[in-house]
Amino acid sequence: MESFKIENLSFAYMDRVSNALNNINITINMGEFVTICGKSGCGKTTLLRLLKPSLSPYGKIVGDIYFEGKLLSQCDTKEQTSKIGFVMQSPENQIVTDRVWHELAFGLESLGYSTSEIRTRVSEMASFFGIQTWFHKKVSELSGGQKQILNLASVMVMQPSVLILDEPTSQLDPIAAQEFLKTLEKVNRELGTSVVMTEHRLEEAFAMSDRVIVIDEGRVIADASPREVGEILKNIEHDMYFALPAPMRVYAQVQNSLECPLTVRDGRIWLENYSENNKLKPEFIPKTTNCDENQDVAIEIKDAWFRYEREMPDVIKGLNLTVMKGELFAVLGGNGTGKTTALSLISGINKPYRGKLFITGKSISQIKDLHKGILGVLPQNPQSLFSQKTVYLDLEEMLSERKLQIKEIDEQVFTVAKMCHIENLLESHPYDLSGGEQQRAALAKILLQSPQILLLDEPTKGMDAHFKGEFADILRSLKTNGVTIVMVSHDIEFCAEYADKCAMFFDGSISSTGTPREFFKGKSFYTTSANRMARTKLPDAVLVDDIVLACGGEIKKKDKHNCNYKQKNYKSELNTPKKESRRISAKRIILGSIFALLFVVTTLLSISNIDILSFSNVSFMGFTTLQIISLFEIVVAIFAFFPQKDIGIKVVQAPKADGNRKRRNLLITILMLILIPLTIYMGYFFFGNRKYYFISLLIILETIVPFCLLYESRKPKARELVLISVFCAMAVAGRVAFFMLPQFKPVVALVIIAGVCFGGETGFLIGAITGFVSNFFFGQGPWTPWQMFAYGIIGFITGILFRSGLIRKTKASLCLFGFLVTLVVYGGIMNPASVIMWQNKITWEMIFSSYILGLTFDLIHSVGTAFFLWFISEPMIDIVERIKVKYGLVE
């Protein structure tokens, strides 16, 4: 029986022109171990996520996916969750609790299993994976390998029939990666769980796979046993040939009639058999080349010691390091040994408490603007470098201080984009790229700095074998131009082939250093597959090419790539972002003129002390009412004459409302505007302020009813509800965070943003729940229902006005709207509420007095709302609307 059957599957993202997947037909049988490989961005991750509905991307799907004989879309959520396990690329992204035992139990708790069943399954899986020794540890205390094992165990505790893994070893050191893959093989062989895995490290994965599938540009180009796939890639001369395990590449480049080896053990046996009939020529192996001793020193560290906190143990212990100018210096070692911390010392992020550090002969403390033309740093997580909406804008940002013309900026951006193979991604959001594509985009951003020294932390993580060759050409070109490169990496094969020197980092310092041939020769684990395969016959062999030359074979050359960093002759066909022409409409001219004239009149009245309406007796914080009015008039006039661009992104418009939707909207409006105020009135006049908890819960119920009506025709995904919950949490946290400033809080601003992004019904829900939950911190009372209704109705009005297009979605209009709606609506509800709550006999004079007395607080509240909207509206609306489009949350 098949675990998965994929028929004629094609997929296209909504913001991409070409398909990510094209006519995929794959069958994965029960108990099979299938490895999927291909270049970065070829569609591997997209395919895997389509097999897990809760993680599937939003886009246009054609074709069918069957799971255990029935359409995957027809499987209920609990079945999908328990039977299809998914392990992500980054160990950190999947862990949700703080303790190991709780992480193991979390999935079962979410599925509603009994306590006894949870204990039984957790104890069994902890024993199977050898977790019992660190069962009670904090997750933060685990190594990267242990975290990934924990993720695997947390999935397996739900007893899935299929396990899907997306490059699970990409962030692990070689030893931890081997241990993880051995554990994965144990799961497949002993538990019979089907395994579908994408992987760039194919040395171990190939040998344990029943089948290998190669994808290129969204199409399957090979689907066969590992040996057959190797033969196919060799015959079609595909770039993925260079990703094959070392024994297979040696076999393909040496004429012989023996069986193709898959593992290092097979390769050693093959070499023994080959040497019996053929003479090996170890003298053909290239010798170690000595570095130029007259080179200048670029980086020097002398006896450096560092710890993150005074009470914590030292992370760097007596580190001594010398890197020459124009050298590629590779640092290897296990996770947690201090490699990344050492880079942070060189980059100036952290300072050693003992020892000295010199950059180009100067003490690092004497260098100003270290990161302007001297140091460029590519961090382990490339997402930390991205701050703009598109890749193009992120790259353009690096040139903003150079005072270049637009044509020169475009030329430099497109040159480095072509070099890093991201020219077709310039209009994409950086967070929407695959792991390998993000790595390339981050590299392009760093290269635009033209640094003298380049610090790279795991730069080949997520890179396919093809781009690794191109990346090596880029580094070679940089070295030619005198750039010094320090690289922390787990990629042994890359370091062995391209580094000038390698160093082993252990326990906070360097334990050994040397040229790649000196460094890797004779090691057991931290060495290349070629060296482990050939050490009995060819002890000096470190690279695949070494073995091939010694066997008299012909080396298959990689394609040469033009990676001249100085070259600037590339002209892209892409449309670069152009500034929008902002023509002032006749309506704006009339509106601006009217308010400008009113400003002049009001100012003259204020100067001449003419008091027409007796406003001079009313003041606020030393300003007269006329001065406040004139300030409002000039602000409106300025915004009218200087229009702003719309914020957010253009989203798909909602379809025209049918009869049922119109009736639902009418019912929602009745609930919002009539039933909830009636509930408040009935509560206070019949219960006498004694049942405010009961009234609050009634309002929440009446708020949730329209929300349920809105979703009655479909099943909302968890990601939608999570987004709304996050808005509620942020609004509550914002009110609590600014507790020391009366009325100056971001709550109304966040409710307005929610109404703009989600519509009136959801805006009311977020506002009402925020008022209720936040009062658990500020104190519940008879004012709670009033606040719930005030916040909620603001969200509702916002959604109606902005979603219908009656008000433009600009920062200026949002701020003006926020100021007015807070002053008129929130103040208009809460001021009379203060009288209704505490007075038995209510008069109009009391109501009027409440408005006058509350004006000061209302103005502070209104100014605070406008202040927060000015600073947070644009980034928040951009992020929310991008999430809506990316995950298909658009109506």
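**Close-up views of the predicted model**

**View 1. Arg 735 lies over the face of Phe 778, at 4.5 Å from the ring centre.** A charge counts as sitting over a ring if NZ of Lys or CZ of Arg is within 6 Å of the ring centre and within 35 degrees of the ring normal. The model is predicted, so local features need pLDDT of at least 70 and side-chain atom pairs count only at pLDDT 80 or more, while totals for chains, interfaces and linings use all residues. Residues are numbered from 1 along each chain as its sequence is written, and side-chain values use heavy atoms, with hydrogens and water left out.

**View 2. Tyr 251 and Trp 270 form an edge-to-face pair.** The structure holds 21 aromatic pairs. In this one, the ring centres of Tyr 251 and Trp 270 are 6.5 Å apart and the planes meet at 70°, so the pair is edge-to-face. Distant parts of the chain are linked here: Tyr 251 belongs to helix 9 (residues 246-253) and Trp 270 to helix 10 (residues 264-277), 19 residues apart. Rings of Phe, Tyr and Trp (its six-membered ring) pair if their centres lie within 6.5 Å; planes under 30 degrees apart are stacked, over 60 edge-to-face, the rest tilted. Tyr 251 counts as buried because its relative accessibility is 19%. Trp 270 is also buried, at 3%. Buried means under 20% relative accessible area, exposed over 50%, partly exposed in between (1.4 Å probe, protein chains only).

**View 3. Phe 738 and Phe 868 pair edge-to-face.** Their ring centres lie 5.1 Å apart, with the planes at 80°. This pair also joins distant parts of the chain, 130 residues apart. Phe 738 is in the loop between helix 24 (718-737) and helix 25 (747-758), and Phe 868 is in helix 29 (residues 844-886). Phe 738 is partly exposed, with 26% relative accessible area. Phe 868 is buried, at 9%.

**View 4. A nonpolar surface patch covers about 710 Å².** Its members are Phe 739, Met 740, Leu 741, Val 773, Phe 776, Phe 777 and Phe 778. Phe 739 sits in the loop between helix 24 and helix 25. At 57% relative accessibility, Phe 739 counts as exposed. Patch residues have over 30% relative accessible area and no salt bridge; like charges are joined within 9 Å, nonpolar side chains (Val, Leu, Ile, Met, Phe, Trp, Tyr) within 5 Å. A salt bridge puts a side-chain nitrogen of Lys or Arg within 4 Å of a carboxyl oxygen of Asp or Glu. Areas come from the Shrake-Rupley method with a 1.4 Å probe; for residues, only the protein chains shown count as cover.

**View 5. Gln 178 touches Glu 204 and Arg 532.** That list leaves out residues up to four places away in sequence. Contact means heavy atoms within 4.5 Å. Gln 178 lies in helix 6 (residues 174-191). Its relative accessibility is 17%, so Gln 178 counts as buried.

**View 6. Thr 603 lies in helix 20 (residues 586-608).** Helices (H or I, at least four residues) and strands (E, at least two) are DSSP runs, numbered from the N terminus. Thr 603 is partly exposed, at 25% relative accessibility. Thr 603 and Ile 629 are 26 residues apart in sequence and 9.3 Å apart in space, C-alpha to C-alpha.
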